[in-house]
Amino acid sequence: MADNITRVSRFGFVNAYLVREDDGLTVVDTMLPRSAKPILAAAQRLGAPIVRIALTHAHGDHIGSLDELAGALPGVEVLISTRDARFLRKDMSLDPGEPQDKLRGGWPGAKTEPTRTLEPGDMVGSLEVVASPGHTPGHVAFLDRRDGTLLAGDAYSTLAGVATAAKANPLFPLVAGATWHRPTALESARALRALDPQRLAPGHGKIVDAPGPAMDRAIAKAS
Ligand SMILES: [Zn+2]
């Protein structure tokens, strides 16, 4: 069972996670605006302080409560990839080496500045930062090295079935509809599958145990 992670969901539609560490809790993603309360309440139930906030990417349904949550937690660490940190401060430029596709989805930015920006291979407590660009240019996933749980952000969704960000799930097209560059997203989906995660904890939808075969099917559908 999910010993180290607790899913906090709004309307069963968008998720944040609380990851237990020796020094307190890491919040992964902050959902839509006005979601700080349920996140803080979940931390209180777990009886541990929130010591850091880590973001998979800068879309509005993942950073929506960043300012509210960081405001309620003086001294909290705030972490996002170096690339998506630019979107957090509303720098919407693309680099010359990147696909020049339109940036899709909602990008509200935030007043809160990261205390540290992340590169692939960095550790956030027990979580390894895994590059998974495509949905956004700097999207990252987090792999819990203790138990193989993959916090996938929007690289995969499980709402109405396991899907990649590279191909619209007709029953839940939101994630693919907000994807910047689908070929890159598909490459990332393959790279995450190759990590052989024991559990898939997405930004949208329920946690899926032993997700390998479902991830394979999702990749095949998008290929
Ligand atoms: Zn997104």
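The model is predicted, so local features need pLDDT of at least 70 and side-chain atom pairs count only at pLDDT 80 or more, while totals for chains, interfaces and linings use all residues. Residues are numbered from 1 along each chain as its sequence is written, and side-chain values use heavy atoms, with hydrogens and water left out.

Along its principal axes, the C-alpha trace spans about 45 × 40 × 30 Å. The protein chain holds seven helices and 14 strands; these are DSSP runs numbered from the N terminus, with at least four residues (H or I) for a helix and at least two (E) for a strand. Of the 223 residues, 56% count as buried. Buried means under 20% relative accessible area, exposed over 50%, and partly exposed in between, with a 1.4 Å probe and protein chains only. Contact means heavy atoms within 4.5 Å. Among contacts between residues at least 6 apart in sequence, 62% join residues at least 24 apart.

Helix H6 (residues 182-193) has 12 residues and should span 16 Å at 1.5 Å a residue; its end C-alpha atoms are 16 Å apart, which agrees. The expected span is 1.5 Å times one less than the number of residues. Buried residues in H6 are Thr184, Ala185, Leu186, Ser188, Ala189, Leu192 and Arg193. Their cover includes strands E8 (127-131), E9 (140-144), E10 (149-153), E11 (156-157) and E12 (163-164), together with helix H7 (212-222).

Histidine 57 is located in the loop between strand E4 (50-54) and helix H2 (60-63). Histidine 57 counts as buried because its relative accessibility is 0%. Leaving aside residues up to four places away in sequence, histidine 57 touches Asp29, His62, Ile63, Ile80, Asp84, His135, Thr136, His139 and Asp154. Threonine 164 is 107 residues from histidine 57 along the chain, and their C-alpha atoms are separated by 16 Å.

Two loop residues have positive phi values. Methionine 31, not a glycine, has a phi of about 65 degrees and sits in the loop between strand E3 (24-28) and helix H1 (36-46). At 0% relative accessibility, methionine 31 counts as buried. Aspartate 196, in the loop between H6 and strand E13 (199-202), has a positive phi near 55 degrees. With 44% relative accessibility, aspartate 196 counts as partly exposed.
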